[in-house]
Amino acid sequence: MPETAQQSSPFNKKKHKNNDPAKLHTKSAPTAQQTRKILMSDGADCSIWMGFTQFMTQYLPGARAIPEEKAQKVQDAFNKALGLTRGKDGRMVKKDGTLTEKEWSQAWETVANDKTPPIELCPGFILHLSEDASDSGDTTKLRIDGSLISKSDGARIKDGKEGNKPNWSLQRLPIEFKRGGTSNDPFDDNPTHKHESDSVDRKGVYGQLMTYAERVFVHQHRKHLFFLFINGPEFRVMFFDHGGVIATEAIDYISFVEGTAALLTFLHAFHELEAGPQGIDTTAALLAPTSCGYRRMDELKTAHPKDLAHHARYIDDASTIPEPFLDSSNPSAAFDATECGDPEKQCQGRRCQHKDPDALPVFTYVRDAFRKSLENDAPRYMVKVGEHRYLIGNCVNDPPTSLVGRGTKGYVALEWETQRFVFLKDTWRSYYVGIKPEGEILQELNKQGVRNVPTVIAHGDVEDQETETTNYSPITGKRTVEAFVPYIQSVQEKKKVERRAVTKVGRMKKNAASTRGTPADTSEGSKGGGGTKRTADERTAEDNLQQGQGLRHLIHYRLVLREVCLPLTEITSSKQLVILIIDSIVAHETAYKSCNSVHRDVSFGNMLICPSVKEYAVVWKGLLADWELAKDWTVTRALQPERTGTWHFMSRHILTHANQIVTIPDELESFVHVLIYAAVRLVHHNISDIRGFINYYFDGYVLTEDGYGCPAGKRICITEAKLDDSEKDILFRAENTEPADHPLNALVHELLALIGTRYTVLEWERAASKSEKRVVSSPTPSPDMTMQWDNYADLNSDNEEETESVDGDMDIDESSGKGLARQTTGEGRTQRPPSPATIASAKSLEKHSTIRLLLQRYLDKYTWPANDRVRDRLEKYTPRPRDSLSEVEDTNRKKTRTDSGPKPTAASSYKKRGRKTTIRSTRQKTSSCESLSGQDNQGTGALSSLPVASSSGGTRVTHSDTSRVKNDDPGPIAPRAGPSSAMSGPSGHPSGSVGQSKPKVTRTYSTRPKRAGRR
């Protein structure tokens, strides 16, 4: 059984992803460089540095030490293969130059195949080098240098004429080779340094290793993964899971026989482990091609003659509708699974069933998805959830782009007992006290009759599979890293007979400070009458022991749902889009009223299309899915360690004030952002290239001292109540019609104006508050910054009369549109109190019916075109990853110490509509013809603006929603703005200045110049 959930969940507002393809349903995978950037960002502060001895004791217990006499023969074989000789300092060197990665990997292959040493290098495994070619069908084109593959899987290795391939699905121990040197090592063993190196090159290696580990997790069912990193003459053993990574100290296996023995001890101990301890998820049973389950999957992937097309329509001939579509209460096929009993049973050339079963007809998209999951000879597995068995191939959703995190994979699964297709979700959920599993939340919604939500069949945690790395979290973990001395040094010292006693584990000689290791005893510092004083290095080393502060505790979890749905990208018209969003709002509203549940992750990817047959017609209804972040609104304490929600669709208020509770107005605003995102992406309008707008409104951010803030585009569009990409307004239209004829334009304007009333009231309340303070002085917004909504109990009322009358009577077009923009002039402050109509409009956002009825009114009142759907404009779009804020802060601190002031940069002027804005140029372009497909490793083209200097000499961004900020993400390798000379250090004072108060600096980024005069 799983261990008890950890008691507290650390809140970390500094980390938030903006690149989850599952929430955006984009079809292009990130480039290798983008993937590394994502993984470096997500993996920041998620590593644990551990001594080799503790690592072996903890994760390979019972390992038998390899005698040094045998290890000497292997060491000699390595030196011979590499052509090394012993230098003056006792280390092995190559006289005629340095060695390449290829030479290191070939030397390993030579030694692995050498039968002369008395002991094997890799017993039980094939050392499979694979740096020449990528796997067939792998869009990432990744190539790891090598891996250990079990000899029992040798017949399954698939290589091509172009060379050896990684064979990700077979790797037991991935191996990456580097030529050696500090610049190629992602970790720093100097106790006075942070163990996660800040060097760009070394962080790049860290991201590369995580990318390879992530590929193994995608292609295999894994709970953890051992990884061997060979950096020339040194090796590290790494342990990856969805929490983070544990890395041992670096050990020299070439120059020291003690290191060779350590390497052999690990490899032999790893061979002795069973599949489970090696990291394989044994609850997913691999099906043999001759098994009953494998052959049944082959039968059911073939199209059924009565499969039904899924597009919405009336069916003229009711007799053509298959019975299973009319009677959903009996989904089972005419197949008695008990005749076979076990899908793993070998068929031995005959059919398993006593009679040919009739396959169930389904919607065509369901069978197509199932068939696609079996392509390219995908391995097939059986997993058990509850009392049911499910047969699966490859995941059908976009594979996770990050190793650290939930790692959600979705499957169209065959339920063995009923022979129906279902949706199986495999994920790693947060495991803290108070957080309910998604299946438990959905079961309660199903029990209360909440409409338009998925139906649970089975769910449950997977045995005792929890993230191991998170047990070392300094905040919630129950284990600690033992202090240690370098491994080779400790072994050598133990062999010295003249020592008085065996060196105590964790104690380091005073003269070993320059040697790699972690000081355990700081009593060597200077002593005075007031007690022991620590040196600066000792204090730094102690601080560096606080590692793994970004770790989150997760547990493996599976959820089976009845509905297999379509993504929102399949809509056929804007009218259909509005109808589906109304359905999702109904789900959110009824869940709130019936179960006190707030979804907290309203996003494009979480709104699905569920086709069904109703009264002789195929109808589409919207389904609000992914309730794993949902929370009872009566619980006020934080349950998740990070911001909850999908960045692109979070409300302006929550993006600006990360510590605030998500309320109904925030959720309703998220629905509006989904509507805008889907419309700009899928509906006909006057902008041919929307990448700039997507970054300006959705992907972007501003950097404040509290973290990432709301994109400037979202703030400006809400303020002005119109969609604008900073160059021209976005106007929707049908083919061969004028924009004025499309109701979506007026609808979006009215929705933005309605949302804007909330921020008018909020800003006026802040300005009028007697206790008003500059928000930049405190990382936590004060209570007066938040609109004082009534108690949530009032929202639970079924009486919608007041809301409906406001919705029907108020003229937002007049009172809250352009008029709102005129009210919010000056330094982000309203000049007069909001009108009663504005206050009433803002108050109305406490009710779901405000937005729901507004959408319905537009459906009923206007004629919607049927020909306004266009090809997906973001089909090959990949959101650009950003640095974690811990990395940004480290960079800021470094530049604060080294920069004497901003470097001169050529400035260009951007003129538009009679107004002029000065921006700083970067090497990235904004050309509308720049490709989004990933051929350009710099990501999407953009201008990255530098901070605009304030009159005080620095740049200032406050929590005020109308602060003057540039916007957005500069892209994977875009030049980033350096701090000005007024950059303040960690203590609040500028570098080199004590007691002198200057404004704190935050940096903002933009891909679009902002119009002058906007607030």
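**Loops, sheets and helix packing**

Q: What is the relative accessible area of Asn 596?
A: Asn 596 is partly exposed, a class lying between buried, under 20% relative accessible area, and exposed, over 50%, with a 1.4 Å probe and protein chains only. The model is predicted, so that local features need pLDDT of at least 70 and side-chain atom pairs count only at pLDDT 80 or more, whereas totals for chains, interfaces and linings use all residues. Residues are numbered from 1 along each chain as its sequence is written, and side-chain values use heavy atoms, with hydrogens and water left out. For Asn 596, the relative accessible area is 23%.

Q: Phi of Asn 596 is near what value?
A: Asn 596 is placed in the loop between helix H14 (574–595) and strand E22 (597–598), where helices (H or I, at least four residues) and strands (E, at least two) are DSSP runs numbered from the N terminus. The residue is not glycine, yet its phi is positive, with a value near 60°.

Q: Is Arg 600 buried or exposed?
A: Arg 600 belongs to the loop between E22 and E23, and its phi is also positive in a residue other than glycine, near 70°. Because its relative accessible area is 13%, Arg 600 is buried.

Q: In what order do the four strands of the open sheet run?
A: Strands are taken as paired if DSSP finds at least two bridges between them. Here the pairing is antiparallel, and the edge strands, each of which pairs on one side only, are E12 (313–314) and E21. The order of the four strands is E12-E24-E23-E21.

Q: Which residue of E23 is the bridge partner of Pro 567?
A: E21 pairs with E23 in the antiparallel sense, over two bridges. Within E23, the partner of Pro 567 is Leu 608.

Q: Which residues of helix H10 are buried?
A: Helix H10 spans residues 364–372, and its buried residues pack, through contacts (heavy atoms within 4.5 Å), against helix H8 (292–300) and against several strands, including E14 (388–392), E15 (409–415) and E21 (566–567). Strand E16 (420–430) and strand E23 (607–613) are also among the elements packed against. The buried residues of H10 are Tyr 365, Val 366, Arg 367 and Phe 370.

Q: What is the length of the polar contact that joins the side chains of Arg 552 and Ser 430?
A: Arg 552 sits in the loop between helix H13 (536–544) and strand E20 (554–561), and it counts as buried because its relative accessibility is 16%. A polar contact is a pair of N or O atoms within 3.5 Å, of which, within protein, one must be able to donate a hydrogen and the other to accept it, while residues adjacent in sequence count only if both atoms are side-chain atoms. For the side chains of Arg 552 and Ser 430, the contact is 2.7 Å.

Q: Which residues on the two faces of strand E9 are buried?
A: In a regular strand the side chains alternate between the two faces of the sheet. Both faces of E9 (residues 245–248) are covered, with the buried residues being Val 245 and Ala 247 on one side and, on the other, Ile 246 and Thr 248.

Q: Which residue of E9 is the bridge partner of Ile 48?
A: On the antiparallel side of the pairing, strand E8 (residues 234–240) joins E9 over three bridges, and these two strands form a hairpin with four residues between them. Strand E1 (residues 47–50), by contrast, runs parallel to E9 and is joined to it by four bridges. In E9, the partner of Ile 48 is Ile 246.

Q: How many residues apart in sequence are Glu 196 and Ser 47?
A: Glu 196 lies in the loop between strand E6 (171–178) and helix H5 (200–219), and at 8% relative accessibility it counts as buried. Its side chain makes a polar contact of 2.4 Å with the side chain of Ser 47. The C-alpha atoms of Glu 196 and Ser 47 are 7.5 Å apart in space, whereas the number of residues separating them in sequence is 149.

Q: At about what angle do H19 and helix H24 pack?
A: Axes are lines fitted to C-alpha atoms, for helices over the stretch in contact, and angles run from 0 to 180 degrees between N-to-C directions. The axes of H19 and H24 (residues 836–844) are 8 Å apart, and the angle is about 110°.
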